[in-house]
Every structure is written in C-alpha cells, then in structure tokens.
Amino acid sequence: MGERFFDDLETRSGDAREAAQLAALNALLGKRGMDALDSLSDLAKLPVLRKSELSEQQKAEPPFGATPTQNITHVFQSPGPIYEPGRIDGDWFRMGRFLHAAGLGAEDTVQNCFGYHLTPAGHMFESGARAVGARVLPAGTGQTELQVTAARDVGTTAYAGTPDYLKIILEKADEMGVTLQIAKAAVGGGALFPSLRQYYIDRGISCLQCYATADLGNIAYESAAMEGMIIDEGVIVEIVTPGTGDPVAPGEVGEVVVTSLNADYPLLRFATGDLSAIMEGQSPCGRTNTRIKGWMGRADQTTKIKGMFVRPEQVAQLVAHHAEISKARVVASRAGEQDVMTVHIESAGGDRDAYARSVAELLKLKGEVVVVAPGSLPKDGLVIEDQRTYD
C-alpha cells in the first residue's frame, strides 16, 4: 500500500519485537523484586489484575495503589472512582501511532472533542496530536453550534472524538448552511458501526478507530487496510478465558488482558473486561504486529439466576476442579415463570453426578448438567449465556 510508518518498530520482525518486549518486561519485574521471565508466554504464570482489585489497592494506598509511578504531571479520575496518572508530553499514552495511521500530520488542525474534565481522553488524543505535529482545537464535548462555528473559523481538517458525535456536528453544519473542511476522523470510546463509517466515507471523510483505555492508553488501532486492529508496540496483549488467566487457543474469543510496558506506570496482566480474538497473519498495510478483531463484547458475564449471582470465576473453578473437564458453559433460561440453570460440560467421560455436586458446591445453585464431547461448545468467549427474555 506504500504507507509511511510512524517508526521502525511497526515493521520489525516478530523475534525482534518479542526480545525487546521481554527485556522491557523483565526490567519492570526487576524493579518490583520479581524474577525474570524466560519468554513472554511465561506471563500466564503471573496473576491477573482486575479493575476491582486496582480500586481496592488505591483505597488502601491512595492515589495509585501499589503500582509504582514516576514522571507524572497529571492525575485523572474514572468511574469507581479509579485514579490514573498521566503526562501530556512525550506521547505518554502512545496515541501518536494511531493518529499517524489515521493520516493525521503537521498539515492538520484537529478538533479534539474528547472530554478534558477529570477524564484523560482529551489529554490522550492531544498528546497524540502533538506527536504527529498537528495543531489542536481543545473543543471538548457539547455546544454543537459553537463546535461548527469554531471548525469553520479555524479551518479544522480532522476530528477526534467518539464515533457518533462527528455526525451530530456535520448535521448541525448542514442545518446552519456551513461547509466544513473535515476530511479525517480518529475515533474511540464507542462502537464505530459500518453504517456510520460509510456515512463518513460518503461525505469524503476517512474514519479509523482505536481501542484504548484510561488505565493503559492505546492498546490497538486500525490502519488504512481496515482489517482488524493492530496491537500497539508498547503493550503485550493476551486473550484468556473469562474469569481466569489462562490463554485461549489462537483465534478463540476471550478476555483481553494487557501488560503495559510504560515504565512510568506499568500494569501487569490488567484485565480490561472486554472480549476479542487474535487474527491470523499480518495486516496488508505492512505493519507486522499481531492483530485483534476489535471489541466483541464484555467478558464480565456475571448473571443473576434464581436470585443468586453466577460469575465467570466460579465457572473457572468448576473446570479446574475436575482434571478431565476442558470447558464449561452455564446457560440461564426460563421454564414457565422460573429460572433454569443448565451447565454444559466438555469432558471425554467423567461422572455426571459428581459434576452436579461440584456445580451445587461451587456455583451455589443446583442445575441440570449436560456432558458433551470436547470441542463441542462454541468458541465465542461466553462462559455464561443468558437466554432469558423479558418481553
């Protein structure tokens, strides 16, 4: 495709990438007094850090818990509350790589419509814009008529914000009889539906999306190839069975677990709560890092059945309790006006009655147990499926 790259990291070999990431990871582990790992696959031996645990750590040791921080110039707050450190300079959130892939550069004025109040989103995209040399109009959210006026007056050429808000700005511009120069959009923080992307294309606007969080910064991003999302060079991504830290087979759907190699604020095996899957091969754009399929739902499938919460962690305990069980899936349904719990268990044999006793002990509910052959259950990342409707 003849694409220019942000830096040489994007096209390095897999072996070079793994060696560099392993060295960076072991340096972070050494600072914590932890043993070095022999390979990135050894990450699976370390515990997963969940957002609820991070919140509890921060309450015990405010503001950032036990996670070491340095070189911090900003403090942000997310719902919970959870506090995130940050820095506006140096592309601290690694958004420059995404904005470059979206075609933004020194010739652009970016209307940054992410929030600047408490949340890091506005600062994340501003630091990325600085990294590619673009000018920034820190517009924030709301006041759409003023957004249109400002975009016209300063000659905005690029938009940064949630996928749907640009459409609102464009429609307001149409209503006001104003022609805008926006030709590029870098979006995040919500789903970019194909119909919405096509709406922008029809208006002459290229629109690419990233996958980022307040805790981790950029995790993955689209390139012009628009075939999956390329993992950022500053993180290690694993896909694990929800409720566990166990990696799934390549291509299967599971929870996204991210290790950030940011020396200022390293997070080891941080569970995002999102589902995705690894894609085979490399992007046609020439970037060599692994790709994920993008956001595919939430991994926290906690469901109330018969008045009791059933959690993915309990399903994981059930699988671990019997060596011959390879996988399990809880299905919630209704018969008449009553909840029904059916537990599908992949096993080459085993004692169904023993499984039923384990279900009652570990899930705290009795349910029907169905034993199926290994490989029979869907590979969609669901360990708890709610089939109930309330129409």
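Visitor: Before we get going, what counts as a pocket here, and what counts as a lining residue?
Guide: A pocket is an open set of grid points with protein on both sides within 12 Å along at least five of seven lines, and lining residues have an atom within 4 Å of a point. Keep in mind that this is a predicted model.

Visitor: Got it. How many residues line the largest pocket, and which lie nearest its centre?
Guide: There are 33 in the lining, with Gly 189, Gly 190, Tyr 211, Ala 212 and Asp 274 nearest the centre. The volume of this largest pocket is about 810 Å³.

Visitor: OK, switching over. How much space lies in the second largest pocket?
Guide: About 690 Å³. Its lining has 26 residues, and Ile 236, Val 237, Glu 238, Ile 278 and Thr 290 are the closest to its centre.

Visitor: Where does the largest share of that lining come from?
Guide: From strand S10, with five residues. S10 covers 235–240, and helix H1 (14–31) also supplies at least two residues of the lining.

Terms used:
Residues numbered from 1 in each chain as written. Predicted model: local features only at pLDDT ≥ 70, side-chain atom pairs only at ≥ 80, totals over all residues. Heavy atoms only, no water. 1 Å grid on protein atoms, 1.4 Å probe; cavity = no way out; pocket = protein on both sides within 12 Å on 5 of 7 lines; lining within 4 Å. Points joined across faces, edges and corners; volume = space filled by probe spheres on them. Helix = DSSP H or I, 4+ residues; strand = E, 2+ residues; numbered from the N terminus.
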